[in-house]
Amino acid sequence: MSDTGDIIREEILSPEGIQEAIAVMARDIAYRCAGDNVAFIGIYTRGVTLARRVAAVLKSQGLEYPVGTLDISLYRDDFDNRGMDLPRLESSDVPFALDDTRVIIFDEVIFTGRTVRAALDGLMDYGRPAKIELAVLIDRGHREIPIQPDYVGKKIGTNRDQYVKVRFHEDDEREGVFIVEKRSGQTPHPA
Amino acid sequence: MSELNPRKDLLDIESLDLEEIEYVLENAVPFKQLFQRSVKKVPTLRGKTVLNLFYEPSTRTSSSFEVAANRMSADVTNFTISSSSVVKGESLLDTIETLQAMRSDYIVIRHQAAGVPGIVAKHTGASVINAGDGYHAHPTQALLDAMTIREVYPEYKGRKVVIVGDVLHSRVARSTSTLLNKLGIEVAVLGPGSLIPEGRHEFMTRLRSWDEVFDWKPDAVYLLRVQMERQEGQFFPSIAEYHKMYGMNSQRLVRMRELGAYLMHPGPVNRGVEITDEAMRYERSLISTQVENGIAVRMAVLHWLKPETDKD
């Protein structure tokens, strides 16, 4: 994905800041999920990277949680508005039974909450988890539906028409969390 | 995200860019993975309607489109029109008017006359998918064939496919060979001289016998259905003669095994004509895979096309 035309306004987390936030999330998950049968599900693209990073931190502490992936494109509520952005589908991979599992969904940013709504629908077509929770690196506010995260790396205040972009070195050239000005003529993509 | 221009209709293979072909074939893979789940359905086309308009009998293609649309949560209406009724220009336009009033979002159409899906597409806001028109085109068949070949040969460029049978009357042969050629797969043909078109598709190598086929070392052999209803006595002497000359039999199966070549057929098969019972059980037959991939590809096509009836 190219950032051509974006004006990077502000870095809100450096790569070190991201690692710290991920460590906080890992600690919180280890504490609250102790003894449970836990599995992670990352939402494409960067939710997957986030889930893998948190899982890696926990693994170094002897806690091994499997990571699955979910593409929620087919569950979005804005399919009619696809216009020029034809969605390229990814392979969802849920290589473990969800029934009786405590599932934590990972996404890099929570904004309107609509992506998570779609992820809940998508996830439940794979099985019936005992419990579903939500972990995000950034909570930027402006919810449009009643969905709240259980684990948050960092909470920030934003204007509704700004973009918050999380960039990981696994997926992008430069790592960091940035607030980006709205490009003219585009509406923010609900995240 | 990609910068592909949205497309309203799928009428043939010739007009597709390589990028669009890649887009559909790549999206078909995650659609196929849905079939492994206990819930095979996604809500993407909830509230949309798909009209299956078949002027020619077809069980496989129409049910494949129906399953694909159902798995996308669209509502499907099947509209089968007797193949014997002569469709005049005027009655076709009347039909289109009726379809407009039904406010379908997608129209899947099969017609015995080439070009009819194109005419319907011009007069409706619905996305029109050509499910076979005369000897012209059958684009979703070509896409499912390409998907099937790419599954067994991830490095598909430079692979070789020979199409055997009635190439002249086959919209499958036309669409599939065009698509394989666009993907960089070599295509050859074998069939009765009267059923191999002259001058069409210069890119296809003309082979004269099964010996030439096996010397050419194909990676897949694609048998066409002998269209019994319009063939016998006209283009080749007899069915038995056809079977002897061009059918997949035990001896030819031995050569297939030596080469490790895959066997394909668009269905429905005429056992004892283009293929024997034994060959139907060949371990490298992709015939059932083609059926399964047909659903995935048709889901990817429904997902890709953008009807004018969508609100923006």
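A residue is buried if 20 or more other C-beta atoms lie within 10 Å of its own, exposed if 12 or fewer, and partly exposed in between, with C-beta atoms placed from the backbone. This is a predicted model, in which local features need pLDDT of at least 70, side-chain atom pairs count only at pLDDT 80 or more, and totals for chains, interfaces and linings use all residues. Residues are numbered from 1 along each chain as its sequence is written, and chains are lettered from A and ligands numbered from 1 in the order in which they are written.

**View 1. Surroundings of L4(B).** L4(B) counts as partly exposed because it has 16 C-beta neighbours inside 10 Å. L4(B) lies in the segment before helix 1 (18–34) of chain B; helices (H or I, at least four residues) are DSSP runs numbered from the N terminus. Not counting residues up to four places away in sequence, L4(B) touches L86(A), E19(B), E20(B) and Y23(B) (contact: C-beta atoms, placed from the backbone, within 7 Å). From C-alpha to C-alpha, L4(B) and Y23(B) are 8.9 Å apart in space and 19 residues apart in sequence.

**View 2. Contact of chain A with chain B.** Chain A gives 20 residues to the contact and chain B gives 21 residues. The side of chain A that touches chain B has 8 nonpolar, 4 polar and 8 charged residues. Ala, Val, Leu, Ile, Met, Phe, Trp, Tyr, Cys and Pro count as nonpolar, Asp, Glu, Lys and Arg as charged, and the others, Gly among them, as polar.

**View 3. Residues between helix 1 and helix 2 of chain A.** In helix 1 of chain A, I22(A), A23(A), M25(A), A26(A), I29(A) and A30(A) meet R53(A), V54(A), V57(A) and L58(A) in helix 2 of chain A. This contact has 9 nonpolar, no polar and 1 charged residues.

Notes: Contact = placed C-beta atoms within 7 Å. Helix = DSSP H or I, 4+ residues; strand = E, 2+ residues; numbered from the N terminus.
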